[in-house]
Amino acid sequence: MSDKSYRFTHAITRLPSESITDGLRAVDIGAPDLVTFRQHHSDYIEALESTGAKVTTLEASEAFPDSVFVEDAALCLTEVAIVMRPVAESRLGEAALMKPTLGQFYDEVLEIEAPGFIEGGDILTTEREILVGTSARTNREGISQLQQLVGHWGYTVRTVETPADVLHFKTDCSLLDEETILSTKRLSDSGCFDGYNIIHTAEGEEACANAIRFNDLVIMPDGFPRTQEVLENAGYTVRAIGNTEAAKLDAGMSCLSLRFSPPT
Ligand code: CIR
């Protein structure tokens with residue numbers, strides 16, 4: 001079986017901007033501290049690079065407070081990159097900002113159009129399918145456009161539901177390998193991962209469900225020792241990265257990068 005859903009030669013990240021203090025959040029528990037955010041972000045890039053991948057780090061964009069969360073602006077597959085369409089007014093421009101960078105790697109860069117909206121945080125690409133969660137950030141029109149675009153390359157898109165009051169589908173799950181998903185219980189109870197192996201986040205540690213498998217590493221937020229131990233006991237090599245500041249903006253590990261292996 002192929003492992004292209006978690007083996008990548010490249011990643012794109014963007015430095016956090018000073019305007020990050022204005023980033024979107026469901027509940028205000030205080031603004032992120034930029035110095036700490038920068039340190040966590042640098043640790044994250046170092047972890048990606050330690051696997052041998054080439055990381056392109058874009059300059060900070062003050063105009064877009066949430067632009068450090070590059071995952072939401074695009075979906076990068078092996079054959080094609082698709083620019084997403086964030087619904088939040090303050091994030092819509094991030095998609096256009098990302099497009100030229102994608103053009104450096106892909107001959108083919110496609111786009112989701114109005115009235116569709118969809119964000120990368122709602123998309124989980126596994127070895128066999130692309131799962132997309134409907135949410136306040138992703139509507140059925142956006143999913144339907146995505147399905148039409150990627151169908152050309154033989155991908156199957158399956159629409160699933162993001163739990164109520166959860167920002168993104170992947171807030172609650174991550175791919176660990178070809179067959180295995182890390183998930184909160186509230187999400188897997190929906191049956192959306194039937195047919196996969198499921199590893200649950202430990203009780204009370206649901207906030208670490210947003211991790212990434214990147215080459216040989218599972219990169220997860222620091223501070224969730226019981227889930228980390230479960231993953232290590234299952235044979236994964238885990239790197240825990242500080243996430244206290246991104247968490248204030250409802251973000252975890254996947255949102256900080258686009259991960260891909262370009263065609264050329
Ligand atoms: C937002 O609300 O859009 C940002 N504050 C957080 C985005 C997190 N993105 C992600 O998990 N893919």
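## Burial and overall form

A residue is called buried here when its relative accessible area is under 20%, exposed when that area is over 50%, and partly exposed in between. By this criterion cysteine 255, with a relative accessible area of 8%, is buried. The structure discussed is a predicted model, and of the 264 residues of its chain 57% count as buried.

The chain is built from 6 helices and 15 strands. Its radius of gyration is 17 Å, close to the 18 Å that the globule rule gives for 264 residues, so the chain is as compact as a globular protein of that length. The C-alpha trace spans about 40 × 40 × 40 Å along its principal axes. Among the contacts with a separation of 6 or more, 69% are accounted for by residues 24 or more positions apart.

## Surface and charge

The chain exposes about 11,000 Å², of which carbon and sulfur atoms supply 48%. There are 21 positive and 42 negative side chains, and the centres of these two sets lie 1 Å apart.

## Cysteines

A search of the whole structure finds 0 disulfides. For cysteine 208, the closest cysteine sulfur is that of cysteine 173, at 12 Å, which is too far for a bond. Cysteine 255 is likewise in no disulfide, and the nearest cysteine sulfur, again that of cysteine 173, is 13 Å away. Cysteine 208 is buried, with a relative accessible area of 0%, and cysteine 255, at 8%, is buried as well.

## Contacts across the sequence

Glutamate 71 lies in the loop between β2 (54-58) and β3 (74-76), and at 4% relative accessibility this loop residue counts as buried. Setting aside residues up to four places away in sequence, glutamate 71 touches Gly120, Gly121, Lys170, Ser254, Cys255, Ser257, Leu258 and Arg259, so that its list of partners includes the buried cysteine 255. The C-alpha atoms of glutamate 71 and methionine 253 are 9.8 Å apart in space, although the two residues are 182 residues apart in sequence.

Histidine 40 is found in helix α1 and, at 16% relative accessibility, counts as buried. Not counting residues up to four places away in sequence, histidine 40 touches Ile241, Gly242, Asn243, Thr244 and Glu245. Threonine 21 lies in the loop between β1 (10-14) and α1 (34-49), counts as partly exposed at 34% relative accessibility, and, leaving aside its neighbours within four places in sequence, is in contact with Ala31 and Pro32.

## Backbone geometry

Most residues other than glycine have a negative phi, and most peptide bonds are trans. Against that background, a cis peptide bond joins alanine 114 and proline 115, with omega about 5 degrees; proline 115 lies in the loop between β5 (109-111) and β6 (123-125).

Asparagine 215 has a positive phi, near 55 degrees, and is placed in the loop between β12 (212-214) and β13 (217-221), where this residue is buried with a relative accessible area of 7%. Aspartate 250, which is not a glycine either, has a positive phi of about 65 degrees. The place of aspartate 250 is in the loop between α6 (244-247) and β15 (258-260), and with a relative accessible area of 30% aspartate 250 is partly exposed.

Terms used:
Residues are numbered from 1 along each chain as its sequence is written. This is a predicted model: local features need pLDDT of at least 70, side-chain atom pairs count only at pLDDT 80 or more; totals for chains, interfaces and linings use all residues. Side-chain values use heavy atoms; hydrogens and water are left out. Helices (H or I, at least four residues) and strands (E, at least two) are DSSP runs, numbered from the N terminus. The radius of gyration is taken over C-alpha atoms; the globule rule is 2.2 Å times the number of residues to the power 0.38. Buried means under 20% relative accessible area, exposed over 50%, partly exposed in between (1.4 Å probe, protein chains only). Contact means heavy atoms within 4.5 Å. Accessible areas come from the Shrake-Rupley method with a 1.4 Å probe; for residues, only the protein chains shown count as cover. Lys and Arg count as positive and Asp and Glu as negative; His and the chain ends are not counted. The place of a charge is taken as NZ of Lys, CZ of Arg, CG of Asp or CD of Glu. A disulfide is a pair of cysteine sulfur atoms within 2.5 Å.
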